[in-house]
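Open the model in your viewer and keep the sequence panel at hand. We will go stop by stop, selecting as we go.

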Amino acid sequence: MGQQTNTDVVDLFKEVYGDHNDLLPDDNHLATFIPFSEKGKVGENYNESCTLTHETGFTLSDTTDAFELNPARAGTVKQAQVTPYISVLPSIVPWGIISRSQGGGKKAFFDATKYIVKNNLKSHFKLLEILRLYGRSSKLLGYVSYATQDYRNVSFSTGTGTLTLKDATTLAFTNGVNTASKKILIAPGDFAAGIWVGMEGVKVNQVDSTGAIVASGSLTAVDTPLGFITVDFTPIAASSTTSHRLCFDGMEASKDMVGIHNILNNSGTLFNISTSSYSLWQGNVVDVDSKKFGMEVFQDGIAEMVNRGGMDGDLKIYLNPRSWADVVTAETNLVAHDSKYKPTKFVNGAEGAEYHSQNGKATFVSHRMVMEGDAFALCEPTWSRSGSAEASFQVPGMAQEIIFPLQNQAGYAFRSYADQYVFCHRPADNCYFKNINDESAS
């Protein structure tokens with residue numbers, strides 16, 4: 001292979017990365033739990049079938065004589081109209097990397113470019129995982145703290161208090177911000193390290209309660225142990241617990257998919273179906289009341305799901321690593337198990353802890369993109385994920401080159417593309433746990 005032409009580069013890229021070449025990240029739990037599938041598109045939307053009521057045309061009788069049957073009253077099956085949302089992530093491969101792979105064929109090209117390409121896909125899948133959880137959430141990616149409570153072993157009043165950093169220096173926040181150092185303390189329960197770590201440079205918007213952008217810029221740093229971020233703009237102090245929120249650019253304008261948090265909290269109309277007409281269209285919400293997430297709380301949620309939806313089947317419970325540690329610690333410290341605690345499998349150091357409950361098997365999964373105050377108990381058969389495209393380097397129906405030379409930069413540009421949504425066919429079989437406080441004494 002002598003001099004590489006644009007066609008050579010395009011053909012190599014298509015051949016080497018056409019099937020992702022096993023580059024998909026392994027921490028996108030929801031992408032695995034809810035596999036992508038193509039469905040029939042109707043106009044700009046996709047149809048998803050939902051069974052919202054039971055068959056009710058039954059007849060009772062106290063005689064053996066021939067008796068009249070009541071007419072059928074069929075269960076309600078609705079076609080929800082769901083719109084997928086597009087995300088595009090561009091990257092650049094420098095000329096030097098391309099030129100240094102010449103002469104070595106596919107393997108040399110792959111070895112030279114795989115880290116850039118892998119990082120693009122990993123970054124795109126991470127964004128989609130965040131949106132699957134918190135797309136269209138009322139709290140977006142978290143409120144600016146105005147909390148009056150102990151947080152990170154410090155007593156805060158309306159988001160005002162002083163944290164001690166790892167180097168023993170102190171950092172004071174007033175109503176959730178330190179304007180001098182451009183730091184924002186995220187409200188207790190709203191911080192998720194996995195959302196922010198590694199996202200330096202991402203555009204962050206601070207929006208008020210109406211959704212208007214009041215400050216905007218880029219993320220520059222994250223403090224995982226203490227739950228605050230640093231930005232390159234002057235943040236606005238909170239004036240109430242819900243006065244200001246944070247989000248990635250575009251989320252404030254609802255350009256993202258409807259995520260699980262929104263779906264399970266919905267109490268109005270979603271996908272053209274109203275909860276006031278169909279009780280099975282509303283998810284279960286359990287307020288943990290600022291306590292740790294434990295088995296007793298979990299069993300309360302199971303009871304709600306069984307009572308309301310008649311849910312019967314295995315569950316996956318996605319929770320923040322801090323709460324997952326509490327669940328594991330509580331279970332390993334149990335000496336005697338009463339009727340509520342019937343573990344079928346527990347392995348120290350495993351990725352998941354499995355238990356039996358009245359529903360069947362329940363598996364707790366640590367998910368670093370779940371906020372510290374949240375947990376989601378999901379019944380797998382009720383969820384689906386679809387659209388026109390899983391995240392990849394191909395746009396369905398287009399023959400456009402997926403890698404092309406830049407005009408004013410020394411490199412080739414390539415882009416990953418996704419067009420999808422996540423959907424729940426029966427929210428009543430699922431549960432959202434809110435207001436978890438892993439720092440609580442109980």
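Start with strands 12 and 13. Select residues 213-223 for strand 12 and residues 228-231 for strand 13. The two run antiparallel and are joined by four bridges.

Six strands make it up, in the order 9-10-13-12-11-14. The sheet is open and the pairing antiparallel. Go to the edges next: strand 9 at 177-178 and strand 14 at 244-248. Each has a single partner strand, so one side of each has no neighbour in the sheet.

Before moving on, colour by pLDDT. This is a predicted model. The protein chain averages a pLDDT of 86, and 87% of the residues score at least 70. Select residues 333-341, where pLDDT stays under 50. The model has eight contacts for this stretch beyond four places in sequence. Then select residues 346-350, also a stretch with pLDDT below 50. It has six contacts in the model beyond near neighbours in sequence.

Next, the charged pairs. The structure holds 12 salt bridges. Show the side chains of K292 and D326, which meet in a salt bridge at 3.7 Å, N to O. K292 sits in the loop between strand 17 (284-291) and helix 7 (295-309), and D326 in helix 8 (residues 321-332), so the pair ties together parts 34 residues apart in sequence. Which of these two side chains is buried, and which partly exposed? D326 counts as buried, at 18% relative accessibility. K292 is partly exposed, with a relative accessible area of 27%.

Stay on helix 8 and select R322. Its side chain meets that of E439 in a salt bridge, 3.7 Å from N to O. This pair links distant parts of the chain: E439 is in the segment after strand 26 (431-436), and R322 in helix 8, 117 residues apart. E439 counts as partly exposed at 27% relative accessibility. R322 counts as partly exposed too, at 29%.

Together with R322 and E439, they are linked in a network of salt bridges.

For the last stop, select R385 and E390. They form a salt bridge, with the closest N and O atoms 3.0 Å apart. Check the surface around R385: this residue is buried, with a relative accessible area of 1%.

Note on methods: Residues numbered from 1 in each chain as written. Predicted model: local features only at pLDDT ≥ 70, side-chain atom pairs only at ≥ 80, totals over all residues. Heavy atoms only, no water. Pairing = 2+ DSSP bridges. pLDDT = per-residue confidence, 0-100. Contact = heavy atoms within 4.5 Å. Salt bridge = Lys/Arg side-chain N within 4 Å of Asp/Glu carboxyl O. Buried < 20%, exposed > 50% of the residue type's maximum accessible area, 1.4 Å probe, protein only.
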